Amino acid sequence: MKKFTALMLALMMSLSLVACGNKPDDGNNADDANTDNNTEQTGGTLVLGTSADYAPYEFMYADDSGTMQYAGIDISAGQYIADELGMELQVENMSFDYLLTSLAKGDFDIVMAAIEVTPKRLQSADFSDPYYTDLPAMILVKLTPPISTTPWQTSPARASAHRPPPPRKPSSPTRWKVRTSSPSPL
């Protein structure tokens, strides 16, 4: 039985190596997005879909003539991609919720809108490597004047012991009322 298992494992490993082999590139592979055929396009328009309501990634502003212009990190990156491809950039603005749906329909060539990669979104679109990572914000405030310390915190004997001070005795004794009669039944 051990020999049969070892033989089956060896057979499966050899088949997996054969499946990973490369065939020679004949230059006719139009499906590969990384071929030189797709990146050497010149002219034409690169249509970028975005939701221009999330500054500083993408937003709209009025230029000197009053015309609304698109700007932001994603718009600049899209312009760089269009320049590298030798294409003109056309920006289309729409609601964030419909960007990936419109991309799948072919309304846009690319979508850039500070989109976070999620497993559900990976099912409908390919994503680039992240170009920005959002870290949690932390605000530290310097207190002026500093927090006052009590003598036990600054005393070398207390500080080395790392223990809190003994409990304080109340300044006046606590007086308790003592009920002598039992509560009346309801």
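Which residue in β4 is the bridge partner of T45? In this predicted model, the partner of T45 in β4 is E88. That bridge belongs to the pairing of β1 with strand β4 (residues 88–93), which runs in the parallel sense over six bridges.

Strand β1 itself spans residues 45–50. A second pairing joins β1 to strand β5 (residues 110–111), also in the parallel sense, over two bridges. Here L48 has I110 in β5 as its bridge partner. Strand β1 is mostly covered, with five of its six residues buried.

The loop between β1 and β2 (59–62) contains S51. This serine counts as buried because its relative accessibility is 4%, below the cut-off of 20%. Beyond its neighbours within four places in sequence, S51 is in contact with E58, N93, M94, S95, F96, L99 and A113. With one of these residues, M94, there is also a polar approach: a polar atom of the S51 side chain lies 3.4 Å from the backbone oxygen of M94.

Attention may now turn to the aromatic rings. A search of the whole structure finds one aromatic pair. The pair is formed by Y54 and Y57, and it is stacked, with 5.2 Å centre to centre and 10° between the planes.

Key:
Residues numbered from 1 in each chain as written. Predicted model: local features only at pLDDT ≥ 70, side-chain atom pairs only at ≥ 80, totals over all residues. Heavy atoms only, no water. Buried < 20%, exposed > 50% of the residue type's maximum accessible area, 1.4 Å probe, protein only. Helix = DSSP H or I, 4+ residues; strand = E, 2+ residues; numbered from the N terminus. Pairing = 2+ DSSP bridges. Phe/Tyr/Trp six-rings, centres within 6.5 Å; stacked < 30°, edge-to-face > 60°. Polar contact = N/O pair within 3.5 Å; in protein donor to acceptor, adjacent residues only side chain to side chain. Contact = heavy atoms within 4.5 Å.
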